[in-house]
Amino acid sequence: MIREFHDIPLRGRNSFGIEQRAAHLVECDTEEDVARFFAAGMPREWMVLGGGNNILFTRDYGGTLVVQRAADIRIAADEGDTVYVEADAGVEWDDLVAWAADRGLWGIENLSLIPGKAGAAPVQNIGAYGCEAKESIAAVRTYCPETRNTLVMDAAHCGFGYRESVFKHQLKGRAIITAVTLRLSRTPRPRLGYGDLARETEARGGATLHNIREAVCAIRRSKLPDPAVAGNAGSFFKNPVVAEHVAAALRMQHPDMPLYPAAEPGTAKLAAGWLIDRAGLKGYAEGPVGVHDRQALVLVNRGGATGAEVLAFARMVQQRVEERFGIRIDTEVNIV
Ligand code: EPU
C-alpha cells in the first residue's frame with residue numbers, strides 16, 4: 001500500500017527534532033509499492049527518508065520524501081557456520097542486531113543501539129566499537145527509479161569506506177536501498193579491542209553475544225544523548241583522516257591525543273570529539289544549540305532550535321577547531 005501526505009510536519013520524523021515541513025511524503029509498504037510510485041511519474045525532486053537519525057533539515061523540503069515501511073527479517077541462506085540474513089530497509093537496525101543475537105549469530109553485536117533503519121546502514125557504513133557494517137554486509141538490494149530496475153549489488157561494488165559508500169556519491173538520488181543481506185557467523189568471534197568494551201563485557205560475565213551487546217548498549221547510553229530528551233543526530237562530525245606526518249606533528253604537541261590507523265596507507269585518523277573537547281567546546285552552548293557535555297562529537301538541540309541555527313553553530317565549531325589545531329572537520333550528518 002502507498003500512503004501520500006502533503007505539506008507534512010517533519011518534527012517527529014527527524015531525531016534532531018527540527019520543525020520543518022515537507023511538500024510531499026510517500027510511505028511505501030513494499031518494494032513493489034516503491035516501484036509503482038515511481039512508475040506513475042518521476043517527482044521533480046525526491047529523497048529517501050529512513051529513521052531521520054542522520055539528517056539536519058535547514059529548510060522546508062520542496063520535493064518528495066520516500067519512506068519505506070517493509071520491515072521483515074528472514075534467513076536467506078543457512079550454510080551451517082555462515083548464515084545470510086536479509087532485512088528490509090524499514091527494519092529498525094537495533095531490532096536486527098537483537099534478532100541476530102537471539103539466534104546466536106555473530107557479526108553485528110558491536111553495532112548495537114545505533115539508531116536508524118537497516119536500509120540506512122550501508123549508506124554511511126555505520127560503525128562503532130572497532131566494527132563497521134561493511135564487514136558483515138554481503139549484498140545490498142536497490143531499486144533504481146530512472147531505469148525501473150532492481151539490482152542486487154555485491155558488497156565489493158558498494159565503495160565502502162569510513163562512513164562512506166557509493167550511495168552517498170555516484171548513486172545518490174539514483175538508487176533506493178530496499179533490503180540488506182548480512183553474512184553472519186555461528187562461530188563466536190568477539191571483538192573487544194575498542195576502549196572500555198573488554199572491561200564492560202568482563203563485568204557482565206564474559207564474551208557472550210548478549211554480554212557484548214549489553215556492554216555496548218551501556219557504554220552508548222552513558223555517553224550519547226537520548227533524542228527523546230535532547231534532539232541530536234549522533235556524531236555530527238566525522239573523525240578526520242589526515243596525512244601521517246600531520247598527525248605525528250600534532251602528537252608531538254599533544255602527547256595524549258588519540259590516534260587511530262586509517263584504511264589508506266600514509267594516513268591516520270584523529271578523534272574529532274577530542275579536538276572539539278580540547279578546543280574548549282565540550283558542553284558549550286549558544287541559545288538552543290550546544291555541544292553534548294559527555295561526547296563532544298554530538299551537537300544537541302536544547303529545545304526549539306532551527307536547522308539553520310544548528311548549522312551556524314556547527315560552522316562555528318569547525319572554525320574553532322581549525323583555528324586551534326589547523327584541522328578541518330567535516331560533517332557526518334546529511335544536511336538538507
Ligand atoms: N574524546 C574526548 N572528548 C570527547 C569525545 C571523545 O576526548 O568529548 C576522545 C575519547 O576519549 C577517545 C576518542 O576521543 O579517546 C574517541 O572517542 P569515542 O571512543 O567516544 O569515539 P568517537 O571517535 O568520538 C566514534 C563514532 C561513534 C561511535 C564511537 C564508538 C564517528 C564519527 N563516530 O566516535 O559513532 O559510537 O566511535 O565506536 O566515527 C555516530 O556515528 O553517530 C556515532 C555515535
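Predicted model: local features only at pLDDT ≥ 70, side-chain atom pairs only at ≥ 80, totals over all residues.
User: Which residues of helix α1 are buried, and why do they line one face of the helix?

Analyst: Helices (H or I, at least four residues) and strands (E, at least two) are DSSP runs numbered from the N terminus, and α1 covers residues 31-39. Buried means under 20% relative accessible area, exposed over 50%, and partly exposed in between (1.4 Å probe, protein chains only). The buried residues of α1 are E31, D33, V34, F37 and F38. Seen down the axis of α1, they line one face because their directions from the helix axis to the C-beta atoms fall within an arc of 160 degrees.

User: In what order do the 5 strands of the open sheet lie, and which are the edge strands?

Analyst: Two strands pair if DSSP finds at least two bridges between them. The pairing in this open sheet is antiparallel, and the order is β6-β7-β12-β10-β11. Each edge strand pairs on one side only; these are β6 (73-79) and β11 (149-154).

User: Which strands does helix α2 touch, and what angle does its direction make with that of β6?

Analyst: Contact means heavy atoms within 4.5 Å, and axes are lines fitted to C-alpha atoms, for helices over the stretch in contact, with angles from 0 to 180 degrees between N-to-C directions. Helix α2 (residues 93-102) packs on the sheet and touches β6, β7 and β12. Its direction makes an angle with that of β6 of about 40 degrees.

User: Which residues come nearest to the ligand, and which polar side-chain atom lies 2.8 Å from a nitrogen atom of the ligand?

Analyst: A residue counts as near if one of its heavy atoms lies within 4 Å of the molecule; of the 24 residues around the ligand, Y129, Y162, R163, Y194 and D277 come nearest. A polar contact is a pair of N or O atoms within 3.5 Å. Oxygen atoms of the ligand lie 3.3 Å from a polar side-chain atom of R220 and 2.8 Å from a polar backbone atom of S235. The polar side-chain atom lying 2.8 Å from a nitrogen atom of the ligand belongs to D277.

User: Is E109 buried or exposed, and what is its relative accessible area?

Analyst: E109 is placed in the loop between α2 and β8 (127-128). Beyond four places away in sequence, E109 touches residues including V97, R189, R191 and L209, and a polar atom of the E109 side chain lies 2.7 Å from the backbone nitrogen of G107. E109 is buried, with a relative accessible area of 1%.

User: What phi does R163 have, and what is its relative accessible area?

Analyst: R163 is found in the loop between β11 and β12. Although R163 is not a glycine, its phi is positive, at about 55 degrees. R163 is buried, and its relative accessible area is 13%.

Key: Residues numbered from 1 in each chain as written. Heavy atoms only, no water. Polar contact = N/O pair within 3.5 Å; in protein donor to acceptor, adjacent residues only side chain to side chain.
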